[in-house]
Amino acid sequence: MNQNVIKAVLILLVMFDHNEYAHQLFPLFLTGFAFHVLGFLALPLLRPAPALDWDYVGKIVCRYYYPFLLIVCAMAALTMVTHTGVSMAAAGRLLLALYSGNNDALKNATQMALLWFLPSLLSLLLLRAFIDARGPALRRICLLVLLAAHLVIGPIAPFIRDYLPLGLLPAVYALPLCYLLVWLNTHCSARLGPLAGVLLTGLVFVAVKAAQMAAGLSQELGFALVSDYRSLPALLLNDLESVCGALMLFQAARLRLPALLAWGGQHTLPVYLIHPFVALVVYRLCEKGLPQVGQGGKFVLSMLATMIISMGLAHGLMRMGWVRRFVFPGDAETLLGRK
């Protein structure tokens with residue numbers, strides 16, 4: 001399985017989710033769309049569990065929180081200058097966004113709610129390392145606690161999310177689904193050939209997605225707007241959409257696919273941070289410059305432009321040593337210039 005292929009497809013789905021024309025053309029599909037998020041969160045679980053030590057903590061903090069810190073501070077400063085003004089209230093919103101990493105706090109401070117993913121991924125990785133280092137009995141207890149939390153996060157999130165650090169609620173909600181996804185992927189891969197795995201998981205996903213759309217269900221993992229114990233059928237359908245969709249992509253990565261896909265998945269973190277700005281510019285150019293083109297045409301053009309420009313910029317930037325060191329260091333040794 002080529003994980004770069006999976007990451008390339010997932011980042012394209014992220015662009016699809018953030019495309020204005022996609023939401024106009026495919027509103028029902030995108031209302032409950034979440035499997036791309038779960039796919040990204042589950043990818044690290046395909047690798048052996050790391051030791052939870054200071055080296056590992058420092059590495060993932062540099063890799064995920066450090067770029068988050070840079071862009072949140074930069075966007076918060078820009079928001080203060082252009083919208084809210086510099087004030088103690090604006091500084092307080094920035095501090096809350098840096099601490100909690102929750103979607104609403106980030107939207108208020110930076111106008112970029114999508115940044116929630118990075119602190120939540122960090123929390124999920126720390127939780128996974130802690131749980132997988134426990135003995136079998138304690139690990140089962142931890143998983144039961146996660147499952148119990150999964151049932152109640154929806155109603156309690158508005159009251160506690162500002163008090164919890166690093167986007168913890170989406171991480172807690174998603175982690176049991178990530179464990180399930182990886183377990184299913186391992187067993188499907190062991191028992192089915194690549195093509196059979198794709199066909200089977202694809203058929204299941206289509207059935208689940210159709211049922212979710214027919215029921216009109218929605219979910220927003222970043223905002224913790226998720227189903228809960230009060231509607232178990234809705235919770236089950238939404239969870240199945242996330243797990244089955246990501247499982248289908250994981251199985252598809254076993255096929256022989258174009259090398260270009262693997263190239264597109266090499267630098268998904270900078271692509272993730274760059275593409276919203278590219279998508280906004282492309283959308284405005286389409287609206288002003290292509291008034292006679294229909295929504296479908298604008299969707300295709302905007303997706304292609306956002307994909308090509310974002311990936312091209314990301315690959316170009318990552319060829320610059322100072323960008324790799326000071327913006328996307330990966331670990332403390334790189335940031336300090338010891339590599």
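A cavity here is a set of points, on a 1 Å grid over the protein atoms alone, where a 1.4 Å probe fits but cannot get out, and its lining residues have an atom within 4 Å of a point. This is a predicted model, where local features need pLDDT of at least 70 and side-chain atom pairs count only at pLDDT 80 or more, while totals for chains, interfaces and linings use all residues. Numbering runs from 1 along each chain as its sequence is written, and side-chain values use heavy atoms, with hydrogens and water left out.

The structure has three cavities of 30 Å³ or more; a volume is the space filled by probe spheres set on the points, with grid points joined across faces, edges and corners.

**First stop.** Select Asn-102, Arg-161, Leu-169, Pro-170 and Gly-222: of the 16 residues lining the largest cavity, these lie nearest its centre. The volume of this cavity is about 100 Å³. Now colour helices H7 (103-110) and H10 (168-191), the elements that give two or more residues to this lining. Helices are DSSP runs (H or I, at least four residues), numbered from the N terminus. H10 gives the most, three residues. The lining splits into seven nonpolar, seven polar and two charged residues, with Ala, Val, Leu, Ile, Met, Phe, Trp, Tyr, Cys and Pro as nonpolar, Asp, Glu, Lys and Arg as charged, and the others, Gly among them, as polar.

**Next stop.** Show Tyr-173, Leu-177, Asn-238 and Asp-239, which are among its lining residues. By class, this lining has six nonpolar, three polar and one charged.

Conventions
On a 1 Å grid over the protein atoms alone, a cavity is a set of points where a 1.4 Å probe fits but cannot get out, and a pocket is an open set with protein on both sides within 12 Å along at least five of seven lines; lining residues have an atom within 4 Å of a point.
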